[in-house]
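Biologist: Before we discuss the fold, please put the structure on display. I shall then ask about its sheet, its helices and its domains in turn.

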2 protein chains.
Amino acid sequence: MFKPISNATIERLPLYLRFLRVLDVKGRDVVSSVELADMFEITPEQVRRDLSDVGQFGIKGVGYEVKILRRGIEKILGLQYRWSLAVIGAGEFGRAIIEFKDFPEYNFNVNAIFDVDEKLIGTKINGVKVYDFAKLNAVVERKIIDIGVITVPADRAQLVADALIDAGIKGILNFAPKKIAVPPDVHLVNADILIKMTTLTYRLSQD
Amino acid sequence: MFKPISNATIERLPLYLRFLRVLDVKGRDVVSSVELADMFEITPEQVRRDLSDVGQFGIKGVGYEVKILRRGIEKILGLQYRWSLAVIGAGEFGRAIIEFKDFPEYNFNVNAIFDVDEKLIGTKINGVKVYDFAKLNAVVERKIIDIGVITVPADRAQLVADALIDAGIKGILNFAPKKIAVPPDVHLVNADILIKMTTLTYRLSQD
(Lines give C-alpha, C1' and ligand atoms only; values in the text may rest on other atoms or scores of the structure.)
Protein backbone atom coordinates (compact mmCIF):
# COMPACT_ATOMS: atom_id res chain seq x y z
CA MET A 1 0.00 0.00 0.00
CA PHE A 2 2.67 2.50 1.02
CA LYS A 3 6.42 2.34 0.50
CA PRO A 4 8.32 1.16 3.58
CA ILE A 5 9.16 3.96 5.99
CA SER A 6 12.26 3.99 8.20
CA ASN A 7 11.89 3.03 11.86
CA ALA A 8 13.17 6.45 12.93
CA THR A 9 10.41 8.16 10.95
CA ILE A 10 7.76 5.74 12.20
CA GLU A 11 8.81 6.50 15.77
CA ARG A 12 8.51 10.26 15.18
CA LEU A 13 5.01 10.04 13.67
CA PRO A 14 3.15 9.52 16.98
CA LEU A 15 4.98 12.56 18.37
CA TYR A 16 3.84 14.72 15.44
CA LEU A 17 0.37 13.23 15.83
CA ARG A 18 0.11 14.07 19.52
CA PHE A 19 1.02 17.71 18.78
CA LEU A 20 -1.34 17.88 15.77
CA ARG A 21 -4.25 16.62 17.89
CA VAL A 22 -3.61 19.42 20.39
CA LEU A 23 -3.50 21.99 17.56
CA ASP A 24 -6.66 20.52 16.00
CA VAL A 25 -8.57 20.74 19.27
CA LYS A 26 -7.41 24.36 19.60
CA GLY A 27 -8.87 25.06 16.13
CA ARG A 28 -5.55 25.69 14.35
CA ASP A 29 -5.76 25.20 10.57
CA VAL A 30 -2.13 25.13 9.47
CA VAL A 31 1.26 24.31 10.97
CA SER A 32 4.71 24.92 9.46
CA SER A 33 7.62 22.46 9.27
CA VAL A 34 9.64 25.00 11.29
CA GLU A 35 7.10 24.87 14.15
CA LEU A 36 7.07 21.06 14.11
CA ALA A 37 10.88 21.02 13.96
CA ASP A 38 11.19 23.36 16.95
CA MET A 39 8.82 21.14 18.92
CA PHE A 40 10.91 18.02 18.42
CA GLU A 41 14.42 19.47 18.16
CA ILE A 42 15.01 18.27 14.62
CA THR A 43 15.55 20.27 11.41
CA PRO A 44 12.64 21.50 9.24
CA GLU A 45 14.22 19.46 6.39
CA GLN A 46 13.87 16.30 8.50
CA VAL A 47 10.22 17.13 9.20
CA ARG A 48 9.56 17.62 5.48
CA ARG A 49 11.30 14.33 4.63
CA ASP A 50 9.31 12.47 7.32
CA LEU A 51 6.01 13.90 6.13
CA SER A 52 6.68 13.38 2.42
CA ASP A 53 7.42 9.73 3.31
CA VAL A 54 3.86 9.46 4.59
CA GLY A 55 2.55 11.16 1.44
CA GLN A 56 1.85 14.58 2.95
CA PHE A 57 3.24 17.62 1.18
CA GLY A 58 3.05 21.05 2.71
CA ILE A 59 2.33 24.20 0.74
CA LYS A 60 5.42 26.40 0.39
CA GLY A 61 5.19 29.48 2.60
CA VAL A 62 2.01 28.18 4.24
CA GLY A 63 2.71 24.79 5.80
CA TYR A 64 0.57 21.73 6.40
CA GLU A 65 -3.17 21.62 6.93
CA VAL A 66 -3.55 20.32 10.48
CA LYS A 67 -6.62 18.12 9.90
CA ILE A 68 -5.28 16.55 6.69
CA LEU A 69 -1.85 15.87 8.20
CA ARG A 70 -3.42 14.43 11.35
CA ARG A 71 -5.67 12.06 9.37
CA GLY A 72 -2.76 11.11 7.08
CA ILE A 73 -0.54 10.10 10.01
CA GLU A 74 -3.40 8.27 11.74
CA LYS A 75 -3.99 6.29 8.55
CA ILE A 76 -0.31 5.39 8.10
CA LEU A 77 -0.14 4.19 11.72
CA GLY A 78 -3.33 2.15 11.27
CA LEU A 79 -5.19 4.22 13.88
CA GLN A 80 -8.36 4.38 11.78
CA TYR A 81 -8.95 0.82 13.02
CA ARG A 82 -9.87 -0.35 16.52
CA TRP A 83 -7.16 -2.63 17.92
CA SER A 84 -8.08 -5.40 20.30
CA LEU A 85 -5.38 -6.27 22.84
CA ALA A 86 -4.78 -9.16 25.19
CA VAL A 87 -2.38 -8.72 28.10
CA ILE A 88 -0.61 -11.88 29.22
CA GLY A 89 0.59 -11.58 32.81
CA ALA A 90 -1.44 -9.65 35.37
CA GLY A 91 1.56 -8.50 37.45
CA GLU A 92 2.46 -4.85 37.93
CA PHE A 93 3.54 -4.30 34.32
CA GLY A 94 0.40 -5.98 33.03
CA ARG A 95 -1.74 -3.79 35.26
CA ALA A 96 0.09 -0.68 34.09
CA ILE A 97 -0.74 -1.58 30.48
CA ILE A 98 -4.35 -2.44 31.31
CA GLU A 99 -4.83 0.92 33.02
CA PHE A 100 -2.86 2.96 30.48
CA LYS A 101 -4.86 6.17 30.20
CA ASP A 102 -3.89 7.16 26.65
CA PHE A 103 -4.98 3.91 24.98
CA PRO A 104 -8.65 4.82 24.32
CA GLU A 105 -7.88 7.89 22.21
CA TYR A 106 -5.61 5.71 20.05
CA ASN A 107 -8.35 3.08 19.58
CA PHE A 108 -6.43 0.51 21.65
CA ASN A 109 -8.73 -1.66 23.77
CA VAL A 110 -7.60 -4.30 26.24
CA ASN A 111 -10.26 -7.01 25.83
CA ALA A 112 -8.73 -9.94 27.70
CA ILE A 113 -6.15 -10.62 30.39
CA PHE A 114 -4.48 -13.99 30.91
CA ASP A 115 -2.68 -15.36 33.92
CA VAL A 116 -1.90 -18.71 35.55
CA ASP A 117 -2.62 -17.53 39.11
CA GLU A 118 -5.87 -19.17 40.29
CA LYS A 119 -6.50 -16.28 42.70
CA LEU A 120 -6.64 -13.87 39.72
CA ILE A 121 -8.51 -16.00 37.18
CA GLY A 122 -12.16 -14.94 37.00
CA THR A 123 -11.55 -11.52 38.60
CA LYS A 124 -11.65 -8.24 36.70
CA ILE A 125 -8.97 -5.56 36.39
CA ASN A 126 -10.18 -2.17 35.17
CA GLY A 127 -13.38 -3.92 34.03
CA VAL A 128 -11.51 -6.53 31.95
CA LYS A 129 -11.77 -10.21 32.82
CA VAL A 130 -8.73 -12.32 33.75
CA TYR A 131 -8.82 -15.69 31.96
CA ASP A 132 -6.91 -18.90 32.57
CA PHE A 133 -3.83 -18.87 30.30
CA ALA A 134 -4.68 -22.50 29.41
CA LYS A 135 -7.81 -21.17 27.63
CA LEU A 136 -5.91 -18.68 25.46
CA ASN A 137 -6.88 -20.23 22.12
CA ALA A 138 -10.63 -20.21 22.68
CA VAL A 139 -10.73 -16.74 24.24
CA VAL A 140 -8.53 -15.15 21.55
CA GLU A 141 -10.82 -16.57 18.88
CA ARG A 142 -14.01 -15.37 20.59
CA LYS A 143 -12.69 -11.91 21.48
CA ILE A 144 -10.96 -11.42 18.10
CA ILE A 145 -7.64 -10.31 19.59
CA ASP A 146 -5.18 -8.51 17.24
CA ILE A 147 -2.23 -7.88 19.53
CA GLY A 148 -0.73 -9.80 22.44
CA VAL A 149 1.18 -7.83 25.09
CA ILE A 150 3.64 -10.04 26.98
CA THR A 151 4.29 -8.95 30.57
CA VAL A 152 5.35 -12.28 32.10
CA PRO A 153 8.82 -13.04 33.55
CA ALA A 154 11.69 -13.61 31.07
CA ASP A 155 11.76 -17.39 31.45
CA ARG A 156 8.12 -17.74 30.32
CA ALA A 157 8.18 -15.20 27.48
CA GLN A 158 8.91 -17.63 24.62
CA LEU A 159 6.26 -20.07 25.81
CA VAL A 160 3.69 -17.27 25.89
CA ALA A 161 4.77 -16.00 22.46
CA ASP A 162 4.43 -19.50 21.01
CA ALA A 163 0.91 -19.81 22.44
CA LEU A 164 -0.10 -16.41 21.01
CA ILE A 165 1.25 -17.33 17.57
CA ASP A 166 -0.50 -20.69 17.78
CA ALA A 167 -3.75 -18.82 18.48
CA GLY A 168 -3.25 -16.85 15.24
CA ILE A 169 -2.09 -13.51 16.69
CA LYS A 170 0.13 -11.55 14.26
CA GLY A 171 1.29 -8.69 16.49
CA ILE A 172 3.28 -9.00 19.73
CA LEU A 173 4.55 -6.30 22.08
CA ASN A 174 7.10 -7.90 24.40
CA PHE A 175 7.93 -6.34 27.76
CA ALA A 176 9.76 -9.41 29.08
CA PRO A 177 13.54 -8.80 29.24
CA LYS A 178 14.18 -11.64 26.81
CA LYS A 179 14.75 -11.93 23.07
CA ILE A 180 11.93 -14.06 21.69
CA ALA A 181 11.77 -15.77 18.29
CA VAL A 182 8.75 -15.36 15.99
CA PRO A 183 8.04 -16.56 12.43
CA PRO A 184 8.37 -14.01 9.56
CA ASP A 185 4.60 -13.36 9.33
CA VAL A 186 4.39 -12.22 12.96
CA HIS A 187 5.33 -8.66 13.90
CA LEU A 188 7.29 -8.33 17.13
CA VAL A 189 8.15 -5.10 18.91
CA ASN A 190 10.34 -5.23 22.01
CA ALA A 191 10.06 -2.83 24.93
CA ASP A 192 12.97 -4.00 27.04
CA ILE A 193 13.40 -1.85 30.16
CA LEU A 194 16.92 -3.15 30.80
CA ILE A 195 18.04 -2.03 27.33
CA LYS A 196 16.71 1.47 28.08
CA MET A 197 18.42 1.49 31.49
CA THR A 198 21.80 0.31 30.17
CA THR A 199 21.65 2.86 27.32
CA LEU A 200 21.38 5.46 30.06
CA THR A 201 24.15 4.04 32.27
CA TYR A 202 26.41 3.78 29.18
CA ARG A 203 25.92 7.48 28.47
CA LEU A 204 26.29 8.48 32.13
CA SER A 205 29.55 6.56 32.50
CA GLN A 206 31.01 8.31 29.42
CA ASP A 207 30.84 11.68 31.24
CA MET B 1 37.37 7.26 27.47
CA PHE B 2 35.94 5.12 24.64
CA LYS B 3 34.99 6.17 21.12
CA PRO B 4 31.24 6.75 20.70
CA ILE B 5 29.33 3.58 19.87
CA SER B 6 26.17 3.53 17.73
CA ASN B 7 22.80 3.27 19.46
CA ALA B 8 22.05 0.02 17.64
CA THR B 9 25.24 -1.55 19.04
CA ILE B 10 24.59 -0.19 22.54
CA GLU B 11 21.11 -1.74 22.46
CA ARG B 12 22.52 -5.13 21.45
CA LEU B 13 25.16 -5.19 24.22
CA PRO B 14 22.75 -6.06 27.07
CA LEU B 15 21.42 -8.93 24.95
CA TYR B 16 24.94 -10.32 24.47
CA LEU B 17 25.57 -9.74 28.16
CA ARG B 18 22.50 -11.67 29.29
CA PHE B 19 23.59 -14.65 27.19
CA LEU B 20 27.23 -14.39 28.35
CA ARG B 21 26.13 -14.43 31.99
CA VAL B 22 24.21 -17.65 31.38
CA LEU B 23 27.26 -19.20 29.66
CA ASP B 24 29.53 -17.99 32.46
CA VAL B 25 27.32 -19.55 35.15
CA LYS B 26 27.35 -22.80 33.16
CA GLY B 27 31.17 -22.72 33.19
CA ARG B 28 31.68 -22.13 29.47
CA ASP B 29 35.08 -20.61 28.64
CA VAL B 30 34.71 -19.48 25.03
CA VAL B 31 31.94 -18.49 22.65
CA SER B 32 32.14 -17.93 18.88
CA SER B 33 30.73 -14.99 16.90
CA VAL B 34 28.67 -17.56 14.95
CA GLU B 35 27.01 -18.78 18.16
CA LEU B 36 26.27 -15.20 19.27
CA ALA B 37 24.98 -14.36 15.78
CA ASP B 38 22.63 -17.37 15.75
CA MET B 39 21.29 -16.36 19.14
CA PHE B 40 20.33 -12.88 18.00
CA GLU B 41 19.55 -13.45 14.32
CA ILE B 42 22.29 -11.17 13.05
CA THR B 43 25.40 -11.97 11.00
CA PRO B 44 28.69 -13.08 12.62
CA GLU B 45 30.26 -10.02 10.91
CA GLN B 46 27.84 -7.75 12.79
CA VAL B 47 28.74 -9.47 16.07
CA ARG B 48 32.47 -8.96 15.39
CA ARG B 49 31.89 -5.28 14.50
CA ASP B 50 29.82 -4.74 17.67
CA LEU B 51 32.41 -6.39 19.88
CA SER B 52 35.41 -4.68 18.28
CA ASP B 53 33.57 -1.38 18.94
CA VAL B 54 33.68 -2.22 22.64
CA GLY B 55 37.38 -3.14 22.36
CA GLN B 56 36.99 -6.91 22.48
CA PHE B 57 38.70 -8.96 19.80
CA GLY B 58 38.07 -12.65 19.43
CA ILE B 59 40.78 -15.17 18.57
CA LYS B 60 40.41 -16.49 15.02
CA GLY B 61 39.09 -20.07 15.00
CA VAL B 62 38.52 -19.98 18.77
CA GLY B 63 36.16 -17.14 19.62
CA TYR B 64 35.79 -14.88 22.61
CA GLU B 65 36.68 -15.67 26.21
CA VAL B 66 33.33 -15.57 28.01
CA LYS B 67 34.55 -13.96 31.25
CA ILE B 68 36.64 -11.29 29.51
CA LEU B 69 33.87 -10.41 27.06
CA ARG B 70 31.31 -10.31 29.87
CA ARG B 71 33.44 -7.95 31.98
CA GLY B 72 34.22 -5.82 28.91
CA ILE B 73 30.54 -5.29 28.10
CA GLU B 74 29.68 -4.67 31.77
CA LYS B 75 32.36 -1.99 31.90
CA ILE B 76 31.21 -0.28 28.68
CA LEU B 77 27.64 -0.18 29.99
CA GLY B 78 28.81 1.21 33.34
CA LEU B 79 27.57 -1.86 35.23
CA GLN B 80 30.68 -2.03 37.41
CA TYR B 81 29.06 0.81 39.37
CA ARG B 82 26.00 0.69 41.61
CA TRP B 83 23.24 2.94 40.24
CA SER B 84 20.86 4.64 42.62
CA LEU B 85 17.38 5.25 41.20
CA ALA B 86 14.42 7.38 42.23
CA VAL B 87 11.00 6.60 40.79
CA ILE B 88 8.67 9.57 40.47
CA GLY B 89 5.05 8.47 40.38
CA ALA B 90 3.87 5.50 42.45
CA GLY B 91 1.11 4.42 40.03
CA GLU B 92 1.08 1.05 38.28
CA PHE B 93 4.07 1.83 36.05
CA GLY B 94 6.04 3.14 38.98
CA ARG B 95 5.29 0.00 40.97
CA ALA B 96 6.29 -2.19 38.04
CA ILE B 97 9.68 -0.46 37.96
CA ILE B 98 10.10 -0.62 41.73
CA GLU B 99 9.43 -4.36 41.72
CA PHE B 100 11.42 -5.11 38.55
CA LYS B 101 13.08 -8.44 39.33
CA ASP B 102 16.13 -8.12 37.08
CA PHE B 103 17.38 -4.81 38.51
CA PRO B 104 19.52 -6.20 41.37
CA GLU B 105 21.79 -8.30 39.14
CA TYR B 106 22.46 -5.17 37.05
CA ASN B 107 23.35 -3.12 40.15
CA PHE B 108 20.25 -0.95 39.81
CA ASN B 109 18.72 0.00 43.16
CA VAL B 110 15.53 1.95 43.68
CA ASN B 111 16.32 4.07 46.75
CA ALA B 112 13.45 6.54 46.79
CA ILE B 113 9.92 6.93 45.47
CA PHE B 114 8.15 10.27 45.11
CA ASP B 115 4.47 11.02 44.80
CA VAL B 116 2.01 13.82 45.56
CA ASP B 117 -0.70 11.51 46.96
CA GLU B 118 -0.88 12.05 50.74
CA LYS B 119 -2.24 8.53 51.20
CA LEU B 120 0.98 7.11 49.72
CA ILE B 121 3.55 9.48 51.25
CA GLY B 122 5.27 7.80 54.21
CA THR B 123 4.29 4.26 53.13
CA LYS B 124 6.74 1.74 51.68
CA ILE B 125 6.58 -0.14 48.36
CA ASN B 126 8.82 -3.18 48.12
CA GLY B 127 10.68 -1.86 51.16
CA VAL B 128 11.35 1.56 49.61
CA LYS B 129 9.90 4.69 51.18
CA VAL B 130 7.49 7.00 49.34
CA TYR B 131 8.44 10.66 49.87
CA ASP B 132 6.53 13.85 49.25
CA PHE B 133 7.46 15.13 45.77
CA ALA B 134 7.83 18.60 47.31
CA LYS B 135 10.88 17.26 49.23
CA LEU B 136 12.65 15.96 46.11
CA ASN B 137 15.71 18.19 46.41
CA ALA B 138 16.59 17.26 49.98
CA VAL B 139 15.95 13.53 49.54
CA VAL B 140 17.90 13.29 46.25
CA GLU B 141 20.86 14.94 47.93
CA ARG B 142 20.75 12.68 50.99
CA LYS B 143 20.16 9.45 49.06
CA ILE B 144 22.68 10.34 46.31
CA ILE B 145 20.32 9.52 43.43
CA ASP B 146 21.92 9.02 39.97
CA ILE B 147 18.87 8.35 37.80
CA GLY B 148 15.29 9.59 37.91
CA VAL B 149 12.59 7.37 36.41
CA ILE B 150 9.51 9.37 35.41
CA THR B 151 6.24 7.43 35.60
CA VAL B 152 3.78 10.30 36.06
CA PRO B 153 1.01 11.29 33.58
CA ALA B 154 2.08 13.11 30.39
CA ASP B 155 0.94 16.56 31.54
CA ARG B 156 3.25 16.47 34.60
CA ALA B 157 6.32 14.95 32.94
CA GLN B 158 8.14 18.21 32.10
CA LEU B 159 7.54 19.61 35.59
CA VAL B 160 8.99 16.45 37.14
CA ALA B 161 11.96 16.48 34.73
CA ASP B 162 12.68 20.12 35.63
CA ALA B 163 12.63 19.26 39.34
CA LEU B 164 15.00 16.31 38.81
CA ILE B 165 17.42 18.45 36.81
CA ASP B 166 17.20 21.18 39.44
CA ALA B 167 18.14 18.57 42.06
CA GLY B 168 21.30 17.78 40.05
CA ILE B 169 20.23 14.48 38.45
CA LYS B 170 22.01 13.81 35.14
CA GLY B 171 20.15 10.72 33.92
CA ILE B 172 16.41 10.45 33.21
CA LEU B 173 14.37 7.50 31.98
CA ASN B 174 11.00 8.83 30.85
CA PHE B 175 7.96 6.54 30.67
CA ALA B 176 5.47 9.39 30.31
CA PRO B 177 4.04 9.54 26.77
CA LYS B 178 5.43 13.03 26.26
CA LYS B 179 8.54 14.53 24.70
CA ILE B 180 10.41 16.37 27.45
CA ALA B 181 13.19 18.92 27.06
CA VAL B 182 16.49 18.59 28.96
CA PRO B 183 19.72 20.62 28.87
CA PRO B 184 22.73 19.16 26.96
CA ASP B 185 24.47 17.85 30.11
CA VAL B 186 21.48 15.68 31.07
CA HIS B 187 21.00 12.27 29.45
CA LEU B 188 17.43 11.41 28.58
CA VAL B 189 16.15 8.04 27.39
CA ASN B 190 12.50 7.69 26.39
CA ALA B 191 10.47 4.53 26.85
CA ASP B 192 7.23 5.59 25.21
CA ILE B 193 4.67 2.76 25.15
CA LEU B 194 2.52 4.52 22.56
CA ILE B 195 5.48 4.71 20.15
CA LYS B 196 5.99 0.96 20.53
CA MET B 197 2.29 0.28 20.04
CA THR B 198 1.97 2.47 16.94
CA THR B 199 5.12 0.88 15.43
CA LEU B 200 3.27 -2.41 15.76
CA THR B 201 -0.05 -1.15 14.33
CA TYR B 202 1.85 0.47 11.44
CA ARG B 203 3.41 -2.89 10.56
CA LEU B 204 0.17 -4.82 11.05
CA SER B 205 -1.76 -2.46 8.79
CA GLN B 206 0.84 -2.91 6.01
CA ASP B 207 -0.06 -6.62 5.73
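**Strand pairing, helices and domains**

Modeller: To begin with one pair in this predicted model, A:Leu85 has A:Val110 as its bridge partner in S4(A).

Biologist: In which sense do strands S3 and S4 of chain A pair, and over how many bridges?

Modeller: Strand S3 of chain A covers residues 83-88, and strand S4 of chain A covers residues 108-115. The two pair in the parallel sense, over six bridges.

Biologist: Which strands of chain A stand at the edges of the sheet?

Modeller: Seven strands form an open sheet with mixed pairing, in the order S5-S6-S4-S3-S7-S8-S9 of chain A. Each edge strand has a single partner strand, so one side of it is left without a neighbour in the sheet. The edge strands are S5 (124-125) and S9 (187-190) of chain A.

Biologist: Which helix of chain B lies across the sheet strands of chain A, and at what angle does it run to S9(A)?

Modeller: The strands of chain A that it lies across are S3, S4, S7, S8 and S9. The helix is H8 (residues 193-206) of chain B, running at about 165° to S9(A).

Biologist: Turning to chain B, how many residues of strand S3 are buried?

Modeller: Strand S3 of chain B spans residues 83-88 and is mostly covered. The number of buried residues is five of its six.

Biologist: Which helix joins S3(B) and S4(B) in a β-α-β unit, and what is the handedness of that unit?

Modeller: S3(B) and S4(B) (residues 108-115) run parallel and are joined by six bridges; within S4(B), B:Ile113 is the bridge partner of B:Val87. The helix of the unit is H5 (residues 92-98) of chain B, and the unit is right-handed.

Biologist: How are helices H2 and H3 of chain B oriented to each other?

Modeller: Helix H2 (residues 33-40) and helix H3 (residues 44-53) of chain B have axes 8 Å apart. Residues B:Ser33, B:Val34, B:Leu36 and B:Ala37 in H2(B) meet B:Pro44, B:Gln46, B:Val47 and B:Arg48 in H3(B). The packing angle is about 105°, and angles of 65 to 115 degrees count as roughly perpendicular. H2(B) and H3(B) are therefore roughly perpendicular to each other.

Biologist: How far apart do the C-alpha centres of the two domains of chain A lie?

Modeller: The domain assignment gives domain 1 (7-76) and domain 2 (83-195) of chain A. The C-alpha atoms of chain A fill a box of roughly 60 × 45 × 30 Å along the principal axes. The centres of domain 1 and domain 2 of chain A lie apart by 32 Å.

Conventions: Residues numbered from 1 in each chain as written. Chains lettered and ligands numbered in written order. Predicted model: local features only at pLDDT ≥ 70, side-chain atom pairs only at ≥ 80, totals over all residues. Domains from an automatic or database assignment. Axes fitted to C-alpha atoms, helices over the stretch in contact; angles between N-to-C directions. Helix = DSSP H or I, 4+ residues; strand = E, 2+ residues; numbered from the N terminus. Parallel < 35°, antiparallel > 145°, perpendicular 65-115°, else oblique. Contact = placed C-beta atoms within 7 Å. Pairing = 2+ DSSP bridges. Buried ≥ 20, exposed ≤ 12 C-beta atoms within 10 Å, placed from the backbone. Right-handed = clockwise from strand over helix to strand, strands pointing away.
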